[in-house]
Amino acid sequence: MASIKLRAVVALSGFALACAAQTGQTAAPMKKAAGGAKSAVAADFEKFRDIMAEASPAELFEAKGKELWHTKRGPKNASLEKCDMGLGPGKLKGAYVKLPRYFADAGQVMDAERRIVYCMVTLQGFKEKDLAKKPFSSASKTPDPVSLVTYVAGQSRGMKIAVPQKHAKEREAYKVGEEIFNYRAGPWDFSCATCHGHDGLRIRTQDLPNISKKEGAVAAFEGWPGYRMTGGRMHTLQWRLNDCFRQQRFPEPGYVSETLSDLLTYMGVNANGHVYKGPGIKR
Amino acid sequence: MDQTRRDVLRASGGASLFAMLAAAGLLRSGPTLAADWNKKAFESKNIKDALEALGAGSPADSADIVMTAPEIAENGAVVPVAAVSKIPGTESIAFLIAKNPTALAASFNIPSGTEPSVSTRVKLAQTTDVHVLVKANGKYYMTKKEIKVTIGGCGG
Amino acid sequence: MADPMRIRAAVKDGGVNVKVLMAHEMETGQRKDSAGKPIPAHFIQHVSAMWQGKEVLSANWGPAIAKNPFLEFNFKGGKKGEKIQIIWTDNKGDKRTDEATIN
Amino acid sequence: MKTFQATIFGMAALAIAISAQAQDYRTQAINSMHRDFHAHGIAGMDRLDEDTVQTICNRTGNNPPKDLAERLQQDQFEAIKYPADGNYLGDWKAGEKIAQRGRAMTWRDKIGKTSRGEPNGGSCYNCHEIDKKTTSFGSIGNSLAHFGKTRGYGPAVQKYVYGKIYNAKAFNLCSAMPRLGHSGTLTEAQIKDLVALLLDPNSPVNK
């Protein structure tokens, strides 16, 4: 029985070859074929995205985040002015581009949003459970950590991405992040790398950055937190990763979890050396 | 008229600033208020009705109006549009969108001393002509440009 | 209460260039919520820009202006250090006034 | 049974190739995900567990030794359920809708249905050019435009296409393409509709 089927496979191998490109590794010629028409459109998109970026709605959320940072709030009626984002309490200039990093007080590697939530819990007395309930922007509400991340990110505008790899835990986070990035599972056999591990791929008309290399990692780091034109909502990388895992057909990752900090360490380190433009605009 | 305007101002809550300005004698021409909003024009379903409601009739095509807008909008929810009028005596600039549920998107009054040039961002329901209507010395002029709205994304 | 605007006013080419971002839903009244109920229209109807007590721009808007609206214009006569005010009013009667210094 | 044997074989071969430390980070990654993820809707925690194909592809960087890949492909091939009626061609119009629809199998969707109550989509245009009229297509997969026109319409091609959509891993073990039949994403009738989209001479794909 098996041998008959085997023969069928051999007989069809010509077609199998024709379809081998479906694996994605040989998709490059396709990209080129579609390239001519696309590049003009892409150039037009870019031009108007630049126009948008000159006065990005993200600035509204930076302003809101700044107000939240300095306001006494929560059960402990405290501001976040003593929150240490890695450069010392209250020192925000250039902090975002050096995250995720290891924090001795928490004994963990933390990305910007994870650290802000940590500060909201330790300094202001909010409960992480409550903050994790509805952590992403909806049509009617932008959660406070989102505005706060946007504010903190804005304080690194024009600065070089320099995610540290000094501490052993930071190096470990990178390695574990890389493994998570490449881990295929779920009903559709997807990993992060399926879409974001190769050069020059698109889903529909959307370019997919290759996060395993610097150029793509920069493209993925850049523009977040981002104002999404669809729905007009401000989103952070926590949201982006959550939605990636949804489309990866995985179960849902925990908000500000270690898994996500590890993935962001992998991405951030790969993007190191590039000048961060600040909160951006997304389609 | 002056009295009415001041009453409206006082009722407008955010007017403390103007009360101050008025007291300081700075308020020479007060801000126009929402009462000016032309309901009929803004509720018109098509360009023709909107033009009628604005009293613009059939405006002449003009090459002296320059509209800047993308050929293809990356996202119909936020489409940057800008218009500059080179027609002397420009008093107002309006944007009208042919295939939106209501055609009139915005109307800007340009006082003397302000350049006849405005930029904003609009929503487009679908691929459509966007018109810029200029009123200058009491006469109306218009230009238009088609903006394509793409679908895209993976829909997951 | 409405969130603050972002106003940038700068002397440019002999005039003043003003860029304004306003935090507003600009709900069209055409959409439905997840339960299928229409979401009522809620949008800025009127914007006014003041400089030295003079209105340098006014605008009437419909709901086709994009969420978190943007406005840019230029006027003559403003100098560094002077203030401009932007006032918006929406269809529910909410309003917001913010001020910025020309630089 | 066969799968089990192949797995043992695979593990033995791989144990030599992979350093202890890399293995350690991998274990940490898996533990991390099991600790940090939670089930949401139809997306249960079991989705984090690898099956044999996934394990082998994960452990070899999607480049398994040839003999191992062939064995596992054979397993996958044998598990393909071909239509009992021997007919592979459905309705290309229905196929086009399935190809366009990107919704299925996420934590927002239902079993066999999208969040909007439509039948599951195949997400085909997300990765492939198919009907040239649709200009919004992805490039993760190759172009399928003029598929039948260039490759023929015969029963052998039909059977091949059915099998490829049902389980792409039967032909290329670490293919990026989901196993749309094997995973229960698409029904037999839906796969037939997709075969028709590519291979019905009247389908716009072949115009």
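Modeller: Helices (H or I, at least four residues) and strands (E, at least two) are DSSP runs, numbered from the N terminus. This is a predicted model, in which local features need pLDDT of at least 70 and side-chain atom pairs count only at pLDDT 80 or more, while totals for chains, interfaces and linings use all residues. Residues are numbered from 1 along each chain as its sequence is written, and chains are lettered from A and ligands numbered from 1 in the order in which they are written.

Biologist: In what order do the elements of chain B run from the N terminus on?

Modeller: The order is α-α-α-α-β-β-β-β-β-β-β-β-β, that is, 4 helices and 9 strands.

Biologist: And what percentage of chain B is buried?

Modeller: Of its 156 residues, 42% are buried. A residue is buried if 20 or more other C-beta atoms lie within 10 Å of its own, exposed if 12 or fewer, and partly exposed in between, with C-beta atoms placed from the backbone.

Biologist: Which strands make up the open sheet of 6 strands?

Modeller: The order is 2(B)-4(B)-7(B)-5(C)-2(C)-1(C), with antiparallel pairing. Two strands pair if DSSP finds at least two bridges between them. Strand 2 (65–68) of chain B and strand 1 (6–12) of chain C stand at the edges with a single partner strand each, so one side of each has no neighbour in the sheet. On average, neighbouring strands are turned by 15° against each other, direction ignored. Axes are lines fitted to C-alpha atoms, for helices over the stretch in contact, and angles run from 0 to 180 degrees between N-to-C directions.

Biologist: How many bridges join strand 1 and strand 2 of chain C?

Modeller: These two strands pair in the antiparallel sense over 7 bridges. C:Val11 stands opposite C:Val16, which belongs to strand 2 of chain C.

Biologist: Now chain A. What is the order of its open sheet of 3 strands?

Modeller: The order is 7-6-10, with mixed pairing. Strand 7 (233–235) and strand 10 (279–282) of chain A are the edge strands, each pairing on one side only. Strand 6 (residues 223–228) and strand 7 of chain A are antiparallel and share 3 bridges, and A:Tyr227 stands opposite A:Met234.

Biologist: Which helix lies across those strands?

Modeller: Helix 4 (residues 58–70) of chain A does, and it runs at about 140° to strand 10 of chain A.

Biologist: How many residues of chain D are in contact with chain A?

Modeller: There are 55 residues of chain D in contact with 49 residues of chain A. Two residues are in contact if their C-beta atoms, placed from the backbone, lie within 7 Å. Helix 2 of chain D gives the most to the chain D side, with 7 residues.

Biologist: Is helix 8 of chain D mostly covered or mostly uncovered?

Modeller: Helix 8 of chain D is mostly covered, since 9 of its 12 residues are buried, including D:Tyr160 and D:Ile165.
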